[in-house]
Amino acid sequence: LYHRSFVALHDPPTLMYTQLLKLILAILGGDNETCLDNVVSLEEAVGEQYRLLSGGESMYFATEEDVKRLLSRKADVSHPNMFAIYQRANKDSRAAIVSLCVVIGRLAYLRESLRKEIVLALLGPGGAGKTTAVRQIFGLAQDRGPSPEQKPPLRVHKCVPPEGGSGLRMSILDLGATQQTDVNVVSTVSEIASAFI
């Protein structure tokens, strides 16, 4: 958390985005004081406030029309200033606020997607080049290795970002020799993959 805050203080684009997130949260009637002062926490707070106001709709795929409709509503009695900044703004400022809401939704969706681990399973007959492909993807040294009959039935290769860093997490399952006639291959792959997610 300290590292993220330190970066935000010394990175003007991050600081600006943080301030814009706070503005949108205020427009939606949210409280900036109830979340951490970093991009991820603010995006989550904006998304949650949008979901509450829209009756459960996600901000991830909100269109400009969806946002305009939401921001043009009458303010709730318990939050009389909700939407006031938007409703008093000129036409250009309103358009910028709406576009910003849409962008925030898309960025939050992208960030959420990249948090998840991707599992890729390679199936195919022995000698098809599955292990070779994995070695090339990860930049591993090539070796002759055992023959396909001697290879273990499952090899797992992981791509994990550095400690404390962000980035894509990926596991590649090299399932060894499989035949197209294997009826249970799909269910087996699903079971194995679910153990890595």
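Leaving aside its neighbours within four places in sequence, which residues is Gln49 in contact with? Before I answer, a word on the model: it is predicted, so that local features need pLDDT of at least 70 and side-chain atom pairs count only at pLDDT 80 or more, while totals for chains, interfaces and linings use all residues. Residues are numbered from 1 along each chain as its sequence is written, and side-chain values use heavy atoms, with hydrogens and water left out.

Gln49 is in contact with Leu25, Leu28, Gly29 and Gly30, where contact means heavy atoms within 4.5 Å. This residue sits in helix α3, a helix here being a DSSP run of H or I with at least four residues, numbered from the N terminus.

Turning to helix α6, residues 91-115, its 25 residues reach 37 Å from first C-alpha to last, close to the 36 Å expected at 1.5 Å a residue, the expected span being 1.5 Å times one less than the number of residues. Its buried residues include Ile97, Leu100, Cys101 and Ala108, and among the elements that cover the buried residues of α6 are α2 (12-27), α3 and α4 (64-71). At the start of α6, finally, a side-chain oxygen of Asn90 comes to within 3.1 Å of the backbone nitrogen of Asp92.

Note on methods:
Helix = DSSP H or I, 4+ residues; strand = E, 2+ residues; numbered from the N terminus. Buried < 20%, exposed > 50% of the residue type's maximum accessible area, 1.4 Å probe, protein only. Polar contact = N/O pair within 3.5 Å; in protein donor to acceptor, adjacent residues only side chain to side chain.
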